[in-house]
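Trainee: I am new to this one. Can you walk me through how its parts touch?

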Amino acid sequence: MPQSAEKVLDHAPLFREPEYRQMLAEKKLNFECPHPDQIVTDQREFTQTWEYREKNLAREALVVNPAKACQPLGAVFAAAGFERTMSFVHGSQGCVAYYRSHLSRHFKEPASAVSSSMTEDAAVFGGLKNMVDGLANTYQLYDPKMIAVSTTCMAEVIGDDLHSFIQNAKDENSVPAEFDVPFAHTPAFVGSHVDGYDGMVKGILEHFWKGQERTEAGGTINVIPGFDGFCVGNNRELKRLLDLMGVSYTFIQDASDQFDTPSDGEYRMYDGGTKIEDVKEALNAEATLSLQYYNTRKTLEYCEQVGQATASFHYPLGIQATDEFLMKVSALCGKEIPEAIRLERGRMVDAMADSQSWLHGKKYAIYGDPDFVYAMARFVMETGGEPTHCLATNGNSAWEAEMKQLFASSPFGKDAQVWAGKDLWAMRSLLFTEPVDLLIGNSYGKYLERDTGTPLIRLMFPIFDRHHHHRFAIMGYQGGLRVLTTILDKIFDKLDRETGETGVTDYSYDLTR
Amino acid sequence: MSLEYENDGALHAKLIEEVLSQYPDKSAKRRKKHLSVAKSGDDGEEGEVLSECDVKSNIKSVPGVMTIRGCAYAGSKGVVWGPVKDMVHISHGPVGCGQYSWSQRRNYYVGTTGIDTFGTMQFTSDFQEKDIVFGGDKKLEQIIDEIEELFPLNNGITVQSECPIGLIGDDTEAVSRNKAKEHKKTVVPVRCEGFRGVSQSLGHHIANDSIRDWVFEKKDVEFDTGPYDVNVIGDYNIGGDAWASRILLEEVGLRVVGNWSGDATLAEIERAPKAKLNLIHCYRSMNYICRHMEEKYGVAWMEYNFFGPSQIETSLRKIAKHFGPEIEEKTEKVIAKYRPLVDAVIAKYRPRLEGNTVMLYVGGLRPRHVITAYEDLGMVIVGTGYEFAHNDDYQRTGHYVKNGTLIYDDVTGYELEKFIEGVRPNLVGSGIKEKYPVQKMGIPFRQMHSWDYSGPYHGYDGFAIFARDVDLAINNPVWGLYQAPWKTSSSRGRAIAAE
C-alpha cells in the first residue's frame, strides 16, 4: 500500500507507485482497445517530419490549440480598468463563468462580471426582458458607478440591439436615466479578445465624449495600455516613468489595482481603475497614446475624430521600444527625459552587455498577441538573438507586413519567419522541423515544451501554472531587466541540467558563467 | 462514524432575510425559493432522513445577479464527453468556449497526446462572420476530413455545438452521419448549445442522450464478459479520482470494464451495456444513461460514495452485497486492510481540524457527497448548496445535512459573500471564481471542483490527501498575517505547524 499518514502522496508521486502502474497497464491492455504501440510510435515520428508540417500548415478549416480568445473576454478585462465598473455581458450565462474563471486563473484574483442569463425563450423573443431585469439587479446588488455592457455571440446572432435595449431599461427605471451604461457589441466570431478590448474602450469613451466640447489642454496625454496580462506590473512601472518625467497623463483603462488587491480581511469587489471624472476630462488631452496598436485600432480612430493627436506602439519592451515611447511622450508634453531615466537605461544596457555572450545567436520561437510578439522579436534582436518563428493566431496581414519590415531592419532578422493566423499545433511542426533554443509564450506552450523539448518562457497572458509573474513589469527599462533575467535563467538552468551528470559532464558544470 | 451536531438555524434564517431585502422585489421573490434552512426530517427509518432541504432548483437564473453557473456546452464538452481520451472533441462555433475550457478540468489520462489521445488539446472550428452568415456545415465537413488526415489514430469525433449552431440552423447531424459513413468512424453530434436549459445540467443530459443515440448499438462489440463486470459511471478522474476508486473495486474482486468518462476510451463506452452493474458516482450528470441501460439492457445501477472512510465502507459493503458472499468476504478484508491507514490519518489530522466549520458550494453532487468526509475529520458543515442540482438531489441531501444547515441553490455572488461574512466558517469549499474573494476575507478556501490542483480525493488513498489538504488550508500561518500590527492587536488566524 503506497499511501500513509506519515508521508501523504498526492497524484504526482502516487500514480508512479508500482500498484498504480500495474493497474493502469492492465486497464490499457484489457479494456482500452488501444492502437498497437508500433503504430503509435510511427505516427508520433511522422508528426515530426517536413511532410507532416506541410499537411499541417495547409489546414484551412480546423484550428488546433489557438493562441487567442474571444472578444467579450477583452471587453470584460477592459471594463475592469475603470472605477467601480461592473461588466454586464448580454447573452448566455456560461460565457461569463468562463471569462471570470480565465481571468482569475491568470491573476489569482477575484474577477467579477454578470450575465443577462439568456436562455431558449430569449433566443426566440430577444433578450430585452433579461436586460431590463438584469440591469436593475446589478445596479441594486453590486452598487457600481458604471455598468459596461458587452455581448456574447448568442445575443449577436439573434441581433439584440444594445443601444435601444439600454434605453428601454432606463425607461423602465432599471437604473437611473443619468446612470452610466456604456456598451460595445463584441461578437465572438469576429477578431479576438484584443478587438473586444478595443470595442469596449471605444464604447466607454464615446459614451462620455459624444456631444461634449473639447477644450485642448496642451501637454497632457492619455495612455491606453491594451489587453495586458502583465498590467499589474506594467502600468505601475509606466506611471513611475511618467511621474519621473513630470508629465500630466491619464491612463484610460487601468486594471493594475483591480487585479492586485491586498489581503487584509476585506474583499474589495472594485479597486482602482480610471476615475469616471478623469475619463470625461481625457477628452481634452492633447494626445492619446496606445501602448498596443492592434488592441486599439478603432479607439485611436475615434480619438483622432475628436481632434486628438494619436501615437501607437507595439508594447514598449526592450531598449529601443522604450526609447521611442519616452521620446514621443517627451515631444508631446515638452518635458525632458530626466537623467534618472537615462541612468536606468544605461543599467539595462550594462546588463545586456554583461550577458551578451550567452544570448548572441540564440534562436527563438515567439507567439502571442500581435503587439507582444512584435516587441519580443525586437528585443530578442537587440540581444543578438534570432526570432526564428513569430506567430500570432490573431495577427492579420498588416501585422505580418510590419513584422517583415522589422526583420528587414536587423541582420538578426534575416532568417525570421512570421506566421499570421496560425495556431500552436502549427508551431509544433515548426519547432520539430526548424528547431529553436527557446520558446516564448504562455502556459499553453507547456505542451510544446513537453513534445519538442524546447524550453518555455512564460511572458504572455494567460499564465496559469506559474504564480505572480504578472505582478512584475516587463515594459520599460526595469521591465526589460526582468525579461532579460528570465531568459538568462532559463538558459543557465538548462545548461546546468545538461551538464549535471556526475562522472560524465563534470567539466562543463561551471561555477561561474 | 456519525458526528452529532445541530446548526444555528435562527442565524441562517436571519441571513436569508437580510440578503433578500437587498434585491428588487421581483427578484427577491424569485430568489426566496432557492434559499432555506434545513429542518428536521420525518423520523422514518432510523438515520434515513436527517433533514429536509426544501428549495426550488433547476430553474432559470435571475439575470444580472452573478450566478456561478455555466452552460450546456460546459456540461457536455467540459464534463461528460471531454474526458473520453481517444476521441477528438470539436468545439464547434467561435473560439472562446474551447479556449476557456481547455485543460481546465484535470481529467487525468495516460496516452500520447496529439497522436492517440487528445484530452489536453483544443480543437475548434473558430467560427468567423461568414460561417454565421452562410452556415458552418461545409466547414465542419472539411474539419472532420482534416482531423482524419492529421490525427488518423483518433477513434472517433464529437461535435460539441456552441450557441450559434442552433441559432443559424446548421445540420450537424447530417454532416456527422455522412462523415461517419465516409471515414468509417464514430461521429457524434451533440446539441449542447450554451443557451439550452438553465445550467450545465441539460448539457449532461444531452450528452447522455447522444451516447444512447449515436454510440450504443452502432458497432458489433466483441467482449468476453464476466460475472463481476461493472462500469464506473460519473467519475471524471479529476486529479486521478477514478484510479483511486478503481484500485479498490479491483481489490474487492470486481472487474471495471468501463469508466465513464475519466481516462475512458470509446471502447469502454461502447461495451458498457454488457456489464452486470453500473456504479454511479456523479448521479446528477449520468443518471440518465444508467436509467436507459437499465430499461434497455437490464443493467442494474447503484449509487455509491467514495469520499471519506465512513462512506467508502458503507458503499463497498453495499456493492459487495449485490454480488454475494465471495465479494463480500474480500470486501471485509479490504476494509480491514485499509483500517490502519484510516485510523492513522484521522489520528493525525482530526485533532488539528476538530470542530472547524465548513461551507460548501459546488456543482451537482459534491455539496452532499463530501460532507461525511469532513465529518470523519471532526468538522462541521454549516451550509451547502448546488449550482445545478434538481429536486432529487436536494432530497438526497437530506440524508447528509444536519438540522439548521443553510441551504442555497444557484447562489448569487452577493448572497454567497454575505452568507460567508455572516457565518464566518473556518473553511469554504467552492470554485475558482469564489476562491479569491473568500481568501481576501481571511477565510481558508479549497477548490472543490478541481481539488485545487491536488487530488485524488476518492478512495482511501484520496482521503489521506483530502485530510492533508484541508489541514494545510486551515492551518497555514498566512491567515494570521492579514492585519498590520500597527493597526490592530487582534489576530484571527491560528496556524499549526505541519507535522
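Mentor: Start inside chain A. Domain 1 and domain 3 of chain A share five residue pairs in polar contact, both residues at pLDDT 80 or more. A polar contact is a pair of N or O atoms within 3.5 Å; within protein, one must be able to donate a hydrogen and the other to accept it, and residues adjacent in sequence count only if both atoms are side-chain atoms. This is a predicted model: local features need pLDDT of at least 70, side-chain atom pairs count only at pLDDT 80 or more, and totals for chains, interfaces and linings use all residues. Residues are numbered from 1 along each chain as its sequence is written, chains are lettered from A and ligands numbered from 1 in the order written, and side-chain values use heavy atoms, without hydrogens and water.

Trainee: Which element gives the most to the side of domain 1 of chain A that touches domain 3 of chain A?

Mentor: Two helices, H6 (93-107) and H11 (193-209) of chain A, each give two or more residues to that side. Helices here are DSSP runs (H or I, at least four residues), numbered from the N terminus. With five residues, the top giver is H6(A).

Trainee: How many salt bridges are counted between chain A and chain B?

Mentor: A salt bridge is a side-chain nitrogen of Lys or Arg within 4 Å of a carboxyl oxygen of Asp or Glu. B:Lys440 and A:Glu109 form one, their closest N and O atoms 2.9 Å apart. Between chain A and chain B the count is 10 salt bridges.
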